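This briefing sets out selected features of the structure shown below. The points that follow are grouped by topic.

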Amino acid sequence: MTDPDSDLLLQATGLTKTFGNFTAVDGIDFAVQRGESFGFLGPNGAGKSSTMKMVGCVSPVTGGVLRLFGQDPATHGPQIRARLGVVPQKDTLDEELTVQENLWIYGRYFGLSRSEVRSRATELLDFAQLEDRARSKVEPLSGGMKRRLTIARSLISRPEILLLDEPTAGLDPQARHALWDRLFRLKRNGVTLVLTTHYMDEAEQLCDRLVVMDHGKIVAQGSPRSLITEFSTREVLELRFDTDDHAHHGDAIAGIGERIEVLPDRLLVYAEDGDAAAAAVHLRGIQPMSSLVRRSTLEDVFLHLTGRTLVD
Amino acid sequence: MSASVSTPNPQPTPTSTPQPTPGPALWRPVFGCWVTVYKRTWLGSVFGRFLSPLLFVLSMGLGLGSLVDKSAGGVGGVPYLHFVVPGILAAQAMWVAMGESTYQVLGAIRWNMKYQAMLATPIGIDDILLGHLTYVAMQVTGATAIFVGVAALFGSFGSWWVLLALPITVLTGMAFAVPIFAFTATQEGDGGFNILFRFIITPLFLFSGTFFPIDQLPAFLRPIAWVTPLWHGVDANRSLALGSPDLVGVLGHTAYLLFVIAIGGLLARHTFTKRLVV
């Protein structure tokens, strides 16, 4: 049992969730310290959302041990939830109410007084850049605005941990960056963030530490940089050929770089020096339709660990 | 992105006031949520609340009533208006309860996920049920008070005892609302509501002694009227509104309505938990 005020906010051991015969989360271990920004990266169906629902104390744990603030969700659900902010995958805003009414109503669920809720709402509307929309109905707002409102709403109780399930899924690039900016501010202020994503760039931007999930299991963990160092090379050479089948080109370039990955639409050559690998390909007289050298990303880590890309 | 935008500091410092601990009264903000939503649409709904007693009193009480009184001398010596309106009073509570316990509840589960939003906070299933059902009780009470007021203008009630029919009517409505809440939480779509409406609510409306005494029913059908809540509300209301109430009978009806509400509450807690806590 951990001390409720310790810096270990969240701890899971052998955490399992099954639905009938289907195992969504298969005995995973992780821990999150105060002030950390922790991510679950994985494709759709990897068990990220099921994990988040258990952590959010809305879905009962099937097996293993889960503790938040040293407390058991099975016995202290409401007490734990009072200290969490939740941004669900799908917005659950009251669309027929106004922006500020959404904040007021939600604050009251935490037992906050009307006056307290109103003053916090004013502050949060400013944070979410929605002051001039305070009295508009939610329904016609853009996806990015709704998402910012959902985040503002989750902060009304001044949570110690903010849980974000796919925070920017379905948003355009501009809205994503605006949202990341808000999350950065929270992180700088010491809010502990726990998020899921299937965007590697989001994981790289926001997470100090992350676990890669696949089929309900954790397949790797570490900082984005350490995962890349451990499971990939510094650079990647991407080759595309004017062909339907890239597999036989793989044989032609065998031996170049440390490792070759054949995808349906391109070949990936993992190498410390991508330009040198490109030169080696050229020396063999192979003429790809296009060739591109880039840095390794978490996508490469994921591909290496699971043999699949993140977004199928 | 201006740099002057302030950032709230959601991290409580040790000196800040402690987080409020979830209290036993968290059903109140749930009730408050539904009231806020209602404030957007109250005008249309209140208009309907006034219209419904007007239509019933004019068509059944006065229209059909004049025919019944002329040809049969009322029902058991009582003018048909005085006979039928207390029954319709109980039945309208059933209709209001049905209206408030179906689409809005399914919507909060499936479409707008209001309940899920609540459950991410310290609010629990019991708070959701108590808060939402209190709101439904408020609706039934409002509709019933308007109905009594409008019907009284037409001289529909024989006695001031009708004021006691008001709480009994609300209980009648809730004896439908609570089990329907339990039922709605088992539904995937609104198909089940049509079955409920056609095969349960409408037959009850017609055969629970609302329009004619259940003695007129074939003997084998009467027990059905006895077990369903509507007949108890109709009989208690009629006994009170006619002015010489059988108080023991009224108490018995009240106890039965409370019993149905209690059983419905247990069922609703079960189906809501099964649906929302997975």
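In this predicted model, A:Leu193 touches A:Ser37, A:Phe38, A:Leu162, A:Leu164, A:Leu183, A:Leu186, A:Lys187 and A:Leu206, with residues up to four places away in sequence left out of the count. A:Leu193 is also among the residues with the most contacts inside the largest nonpolar core, together with A:Leu163, B:Ala97 and B:Phe181.

**Nonpolar cores**
- The largest nonpolar core comprises 147 residues.
- Helix H7 of chain B, residues 162-184, gives the most to this core, contributing 14 residues.
- Another core, of 13 residues, lies apart from it and includes A:Leu239, A:Ile256, A:Leu267 and A:Ala277.
- In soluble globular proteins, nonpolar side chains tend to be buried together.

- Chain A is divided into domain 1, spanning 8-222, and domain 2, spanning 233-295.
- The C-alpha centres of domain 1 and domain 2 of chain A are 40 Å apart.
- H5(A) is mostly covered, with nine of its twelve residues buried.
- Among these buried residues are A:Arg147, A:Leu149, A:Ile151 and A:Ala152.
- The cover over the buried residues of H5(A) includes strands E5 (84-87) and E6 (161-165) of chain A, and helices H3 (99-109), H4 (114-127) and H6 (173-188) of chain A also take part.

**Chain B: overall architecture**
- Chain B has eleven helices and zero strands.
- The C-alpha atoms of chain B fill a box of roughly 85 × 40 × 35 Å along the principal axes.
- Of the 278 residues of chain B, 40% count as buried.
- Among contacts in chain B with a separation of 6 or more, 81% join residues 24 or more positions apart.

- Most residues other than glycine have a negative phi.
- A:Phe69, which is not a glycine, has a positive phi near 55 degrees, and is found in the loop between strand E4 (63-68) and helix H2 (73-81) of chain A.
- A:Phe69 counts as buried because it has 21 C-beta neighbours inside 10 Å.
- B:Met113 likewise has a positive phi, of about 55 degrees, without being a glycine, and its place is in the loop between helix H4 (103-111) and helix H5 (114-119) of chain B.
- B:Met113 counts as partly exposed because it has 18 C-beta neighbours inside 10 Å, whereas a buried residue needs 20 or more.

Definitions and conventions: Residues numbered from 1 in each chain as written. Chains lettered and ligands numbered in written order. Predicted model: local features only at pLDDT ≥ 70, side-chain atom pairs only at ≥ 80, totals over all residues. Helix = DSSP H or I, 4+ residues; strand = E, 2+ residues; numbered from the N terminus. Contact = placed C-beta atoms within 7 Å. Domains from an automatic or database assignment. Core = buried A, V, L, I, M, F, W, Y, C linked by C-beta atoms within 7 Å.
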